[in-house]
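Here is a report on the chain shown below.

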Amino acid sequence: MINKPIKQHITILLVLMLLLCPAFLTSCTIPGVTPEPQDEAAVSLDDIPEFDGSLTIEINGNRPGFTDEELKEAKEAYKFFGDLDKHGRCTTTQASLSYKTMPDQQREQRGDISEVHPSGWHSGMEWERMHLIAWALCGENANECNLITGTHDCNFNAMRNYEVKTARYLEDNPRKHVLYRVTPIFRGKELVARGVQMEAESVEDKGRGLCFNIYCYNVRRDGAVINYKTGTVDVSNVAGQEEKSNDKRLYVLNTNTMKFHYPSCAGVQDISDYNKQEVKATRQELINKGYDPCGMCQP
Ligand SMILES: [Zn+2]
């Protein structure tokens, strides 16, 4: 039998715990039920072979490492963005995605993310702010716990294929969920991730519709040498780099994303008139103003 004073103490303790609970929610976490991901599921760099030209490799036979409990909880949509670690780096992001978590791209414009400076970020180094969970999947945009410093190869040529696959599944199955986890993989205290692990499993059909566990290398295939400790990039080996003259020429600016393009770039068509600006300038002048060269046309 518990006597009365102890019972009262327990009650007070429970009330206090409930009151203090929001303090444990991180600034990045979306309020609501957000099951904590299993950190130990992340791949170790020791198990990742050296980059050999292929931007992605399968992990664990392409089977994601979700637990039965996580899959059960994923019948309801949620988003979890892990807190930055003590080095200011992103940690695990996990979501149960559904058609409803996707933004309406016809109506919703993706907002400005240029204010976010992920760990290792340097402007003028052709880095891209890379969403861990794509905006198109979860609607989460300028969240510092969802953006890392990434290469165009990793962002566009590796991750995007899997994001598109996931988006197609959700569009085709508007009542179903996909449990989805993206974990940036860092070596030691380095500020730029060596890669990202992407795991996905369609929940209601037990992975028959969609299932993957892959590692995307955060590298550049053009020979640029990345210093992962600091985020600086040495492009002196890059072929064609010397042709990037510093003469004044015509560029198109996107004043929202703070990118500059060659006028011929396909990306220019997507810039709204409001954010589009044509300038005659040198490359360096634009970089000095805080603009980054577009990863697609590589001006
Ligand atoms: Zn461009």
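## Strand pairing and cores

In β3, T93 is the bridge partner of F81. Helices (H or I, at least four residues) and strands (E, at least two) are DSSP runs, numbered from the N terminus. Two strands pair if DSSP finds at least two bridges between them.

This is a predicted model: local features need pLDDT of at least 70, side-chain atom pairs count only at pLDDT 80 or more, and totals for chains, interfaces and linings use all residues. Residue numbers start from 1 along each chain as its sequence is written.

**Overview and confidence.** The chain holds five helices and 14 strands. Buried residues make up 34% of its 299 residues. Buried means that 20 or more other C-beta atoms lie within 10 Å of a residue's own; exposed means 12 or fewer, and partly exposed is in between, with C-beta atoms placed from the backbone. Contacts are pairs of residues whose C-beta atoms, placed from the backbone, lie within 7 Å. Of the contacts with a separation of 6 or more, 71% link residues 24 or more positions apart.

The average pLDDT (the predictor's confidence in each residue, from 0 to 100) is 86 for the chain, and 84% of the residues score at least 70. Over residues 18-27, pLDDT stays under 50, and the model has two contacts beyond four places in sequence for them. Where pLDDT is low, the predicted coordinates should not be read in detail.

**The six-stranded sheet.** Six strands form an open, antiparallel sheet in the order β1-β8-β7-β6-β3-β2. β1 (56-58) and β2 stand at the edges with a single partner strand each, so one side of each has no neighbour in the sheet. The twist averages 20° from one strand to the next. Axes are lines fitted to C-alpha atoms, for helices over the stretch in contact, and angles run from 0 to 180 degrees between N-to-C directions.

Strand β3 (residues 93-98) is mostly covered, with six of its six residues buried. T93, A95 and L97 are buried on one side, and Q94, S96 and S98 on the other. S96 stands opposite L179 in β6. Helix α4 (residues 152-172) lies across β1, β3, β6, β7 (195-202) and β8, and runs at about 165° to β8.

**The four-stranded sheet.** A second open sheet has four strands in the order β13-β11-β12-β14, with mixed pairing. Its edge strands, β13 (276-281) and β14 (292-293), each pair on one side only. L253 stands opposite Q277 in β13.

| Strand | Partner | Bridges |
|---|---|---|
| β2 (residues 78-81) | β3 | four bridges |
| β3 | β6 (residues 177-185) | six bridges |
| β1 | β8 (residues 211-217) | three bridges |
| β11 (residues 249-254) | β13 | six bridges |

**Nonpolar cores.** A nonpolar core is a set of buried Ala, Val, Leu, Ile, Met, Phe, Trp, Tyr and Cys residues joined through C-beta atoms within 7 Å. The largest has 45 residues, of which I133, V178, M198 and C216 touch the most other members. At least two residues of this core come from each of β2, β3, α3 (135-138), β5 (147-150), α4, β6, β7 and β8. Another core, of seven residues, lies apart from it; among its members are Y251, F260, Y291 and C294.

Neighbours within four places in sequence aside, I133 is in contact with T93, A95, C138, E140, N146, Y180 and V182.

L286 lies in helix α5 (residues 283-288). It is buried, because 20 other C-beta atoms lie within 10 Å. Not counting residues up to four places away in sequence, L286 touches Y251, F260, A281 and Y291. L286 and L253 are 33 residues apart in sequence, yet 8.9 Å apart in space, C-alpha to C-alpha.

**Positive phi.** Most residues other than glycine have a negative phi. N62 is not a glycine, but has a positive phi of about 70°. It sits in the loop between β1 and α2 (68-73). With 13 other C-beta atoms within 10 Å, N62 is partly exposed.

E126, also a residue other than glycine, has a positive phi near 65°. Its place is in the loop between β3 and β4 (128-131). Buried or exposed? E126 is buried, with 20 other C-beta atoms within 10 Å.
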